[in-house]
Amino acid sequence: MSVQGQIKEHAKMKIKQPKHYRVIMHNDDFTSMEFVVEILIQIFRKAPPEAEHLMMRVHQSGRAAVGSYPYDLAVSKVAAAADRAKEEGFPFRMTIEEE
């Protein structure tokens, strides 16, 4: 009985990390600061002090990046925030930018 040699193949796979997208929150004159903080805590999972800091940055600068996520997650978070804003009657606006 003869034993044949085994050939081992080593394939190098390059795993590409998914692109990330920044979620940008925009200031307006109608959306309450409390609502913005609530969105940051509940949808973006920010701690209350960080949420308040981000809200103030949006208020003072007109806009601020509130997180970086893979595209699908960024879109779903923005959609959830937009739905909540619509329910509350706020013209709250967020955009997504590629990093």
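Contact means heavy atoms within 4.5 Å, and helices (H or I, at least four residues) and strands (E, at least two) are DSSP runs numbered from the N terminus. The model is predicted, so that local features need pLDDT of at least 70 and side-chain atom pairs count only at pLDDT 80 or more, while totals for chains, interfaces and linings use all residues. Residues are numbered from 1 along each chain as its sequence is written, and side-chain values use heavy atoms, leaving out hydrogens and water.

**Exercise 1.** Determine whether the length of helix H2 (residues 48-61) agrees with its number of residues.

*Solution.* Step 1: the expected span of a helix is 1.5 Å times one less than its number of residues. Step 2: for the 14 residues of H2 this gives 20 Å. Step 3: the end C-alpha atoms of H2 are 20 Å apart, which agrees.

**Exercise 2.** Identify the buried residues of H2 and state what they pack against.

*Solution.* Step 1: apply the cut-offs, with buried meaning under 20% relative accessible area, exposed over 50%, and partly exposed in between (1.4 Å probe, protein chains only). Step 2: Ala51, Leu54, Met55 and Val58 are the buried residues of H2. Step 3: seen down the axis of H2, these residues fall within an arc of 100° and so line one face of the helix; the arc is that of the directions from the helix axis to the C-beta atoms. Step 4: an α-helix has 3.6 residues a turn, so residues three or four places apart point the same way. Step 5: on the other side of H2, Pro49, Gln60 and Ser61 are exposed. Step 6: the buried residues pack against strand E1 (20-26), helix H1 (33-42) and strand E2 (63-70).

**Exercise 3.** Describe how H1 and H2 cross.

*Solution.* Step 1: axes are lines fitted to C-alpha atoms, for helices over the stretch in contact, and angles run from 0 to 180 degrees between N-to-C directions. Step 2: the axes of H1 and H2 come within 9 Å and cross at roughly 130°. Step 3: the contact involves Met33, Val36, Val37, Leu40 and Ile41 of H1, and Pro48, Ala51, Glu52, Leu54, Met55 and His59 of H2.

**Exercise 4.** Locate Thr95 and list its contacts beyond its neighbours within four places in sequence.

*Solution.* Step 1: Thr95 lies in strand E3 (residues 93-98). Step 2: Thr95 has a relative accessible area of 24% and is therefore partly exposed. Step 3: with those neighbours left aside, Thr95 is in contact with Arg22, Val23, Ile24 and His26.
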